[in-house]
Amino acid sequence: MRLDYVPNPPTDLAPEDHEVLERVKARRGAMGLIPLDLTLLHAPKIADGWNALLGAVRTKNSLPDDIREIAICRPALINRAWFEWNAHAPILMKTAGFTEEKLNVVKQLHPKAQGALDDRQWAVLRFADAMTRDIAVPQSLFDEVKAAGFNEQQIVEITATVASYNMVSRFLVALDVGEQNNKSPEWAEN
């Protein structure tokens, strides 16, 4: 980590920032504060906005769990945010019907084929890749996402998830939160 983490629990918060801390702790639940929180709490107002945004992206959407987690894992993989990958790949594997064979496609840096992924998963993976690598999504790929059966709300949710986790992964990597930048998995392409 390029900065010191705030103490856990934080000790030097201004009185008005204790409410921020309580909201972050409430979202994390039994897991408690994680290194990302202990970094963001250097700037409590930013931590509060971050907490609200990521809370909505993670828990207040209509996306199936596998779709949401693919939209989270792809920016983590492409941006080499191993702290995020290590947090979300296990969540993806716990989603109903998700297999090691499907994960093998998700963890390829440049997948050439759909493999075991269904059409919706494959469309979201490629959409996340386009947003992360190129920012602009080709119309043909956007049309493919629509044709995969996602409604307008879900397309906004997929886009917001990919965009948000690009923010998360870039923050984590820039500050080496969780000290995992140089600890890429053996299977990761260089």
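## Pockets and a cavity in a predicted model

The lining of the largest cavity divides into four nonpolar residues, one polar residue and two charged residues, where Ala, Val, Leu, Ile, Met, Phe, Trp, Tyr, Cys and Pro count as nonpolar, Asp, Glu, Lys and Arg as charged, and the others, Gly among them, as polar. The structure is a predicted model, in which local features need pLDDT of at least 70 and side-chain atom pairs count only at pLDDT 80 or more, while totals for chains, interfaces and linings use all residues. Residues are numbered from 1 along each chain as its sequence is written, and side-chain values use heavy atoms, with hydrogens and water left out.

On a 1 Å grid over the protein atoms alone, a cavity is a set of points where a 1.4 Å probe fits but cannot get out, whereas a pocket is an open set with protein on both sides within 12 Å along at least five of seven lines, and lining residues have an atom within 4 Å of a point. A search of the whole structure finds one cavity of 30 Å³ or more. The lining of the largest cavity consists of Val24, Arg27, Asp37, Leu40, Ala47, Trp50 and Asn51. Helix 1, helix 2 (35-40) and helix 3 are the elements that give two or more residues to this lining, and helix 3 supplies the largest share, three residues; helices here are DSSP runs (H or I, at least four residues), numbered from the N terminus.

The table gives the volumes, each being the space filled by probe spheres set on the points, with grid points joined across faces, edges and corners.

| Space | Volume |
|---|---|
| Largest pocket | about 370 Å³ |
| Second largest pocket | about 150 Å³ |
| Largest cavity | about 30 Å³ |

Of the 17 residues that line the largest pocket, Arg28, Met31, Ile34, Arg58 and His88 are the closest to its centre. Helix 1 (18-28), helix 3 (44-59), helix 5 (82-93) and helix 9 (152-175) each contribute at least two residues to the lining of the largest pocket, which by class has 10 nonpolar, three polar and four charged residues. Domain 1 (15-60) and domain 2 (65-188) each provide at least three residues of that lining, the domain bounds coming from an automatic or database domain assignment.

For the second largest pocket, the lining residues include His110, Trp122, Arg126 and Asp134. Helix 7 (residues 119-133) gives the most to this lining, with six residues, and by class the lining of the second largest pocket has six nonpolar, one polar and five charged residues.
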